[in-house]
Amino acid sequence: MNPTDTSQWRGLFWMSVAVLTIPASDAIAKVLGQTLSIGQVTTTRFMIQCLLLLPLWLWWRHRNVRLQGLKLRDWWLGGLVASAVLFLFWGLSYLPLANNIAIFFVEPLILVLFSKWFLKERVSPRRWIAVTVGLLGALVVIRPNIEAYGWATVLPLLAATAYAAYLTSTRALRESADPSHWAEAANGLQKSVRLQLMISLTASVLMLMLMGIGQTLTPALTGVQWPTAHEWGLLILLGALAAFAHVLIALAFTHASASILAPVQYLEILGAVFFGWWLFQEWPDALTFVGAAIIIGSGLYIAMEKPHPDVI
């Protein structure tokens, strides 16, 4: 096996571990949402992730790695990620775990739309067809869920939209930033950890502000109570798994390209089915499986198609 193949297999391994970790953290958030407010769970998750990543950033800075501090753009990115996680966790309090994640996976399709609308990128006709088919698959998943769970079905869609906006923003900032504006001396993993640290920091501050305002507006969503010892353990595990997964994803991208890693991310749906069945006795209906298969197929086509140089 040549070095390139070895590196790609390492990337696939790290990505597989990461995407199988994420459903576990979602399951923990669903458990916590039964006794704590969604806002408190989301806020604590970001705060713990921040505390866990901070030592890495400080160590690299101590080693004279050129890593940036907090930038204005981090507040925008943190707000988008905070919105995505808040809506995703909120949806978990109403929908089965696998259904929630299946709907969220329309995100790659929304990203194509945002790339066209906001970044003015050209999209091939085949990809437009894939987006259309994928959105039809989302409707297959959403329709029976709306009948069963009502307005809450929209929450993972809002999460997907916010996360697609975050990815679009990072791409736009990367393309427009002055080279001196980025820490070129840092490697890809260090830059990614720095980004996740600043996002978790700004998301924590923004969520704390929302929690403060929400005490008089939406106490059911933003109520605060002191967690029990068991809940503290789950909250710490939630933040640790989030930090662990994001570091592994960053590590995976240092070994393999996005097109190679893209198919692996759909293992997350299988993980969600397993944890939903194991912990909550949830099993998706046939339409959810059919719709998820359509969404996965469309997402894989978009990721794997080799476009012309000026077409995405």
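This is a predicted model: local features need pLDDT of at least 70, side-chain atom pairs count only at pLDDT 80 or more; totals for chains, interfaces and linings use all residues.
Residues are numbered from 1 along each chain as its sequence is written, and side-chain values use heavy atoms, with hydrogens and water left out.

The residue that follows α5 is K120, whose phi is positive, near 60 degrees. Helices are taken as DSSP runs of H or I of at least four residues, numbered from the N terminus. Helix α5 spans residues 107-119, and because ten of these 13 residues are buried, the helix is largely enclosed by the rest of the structure; buried here denotes under 20% relative accessible area, computed with a 1.4 Å probe on protein chains only. The buried positions of α5 are E107, P108, L109, I110, L111, V112, L113, F114, S115 and L119.

Two salt bridges are present in the structure, the term denoting a side-chain nitrogen of Lys or Arg within 4 Å of a carboxyl oxygen of Asp or Glu. In one of them, the side chains of R194 and D74 meet at 2.7 Å, N to O. Because R194 belongs to helix α8 (residues 188-214) and D74 to helix α3 (residues 72-92), this pair ties together parts that are 120 residues apart in sequence. Both R194 and D74 are buried.

A salt bridge is also formed by the side chains of K30 and E282, at 3.6 Å, N to O. This pair links distant parts of the chain, 252 residues apart, with K30 in helix α1 (residues 3-32) and E282 in the loop between α12 (267-280) and α13 (286-304). K30 and E282 are likewise buried.

Note on methods. Buried means under 20% relative accessible area, exposed over 50%, partly exposed in between (1.4 Å probe, protein chains only). Helices (H or I, at least four residues) and strands (E, at least two) are DSSP runs, numbered from the N terminus.
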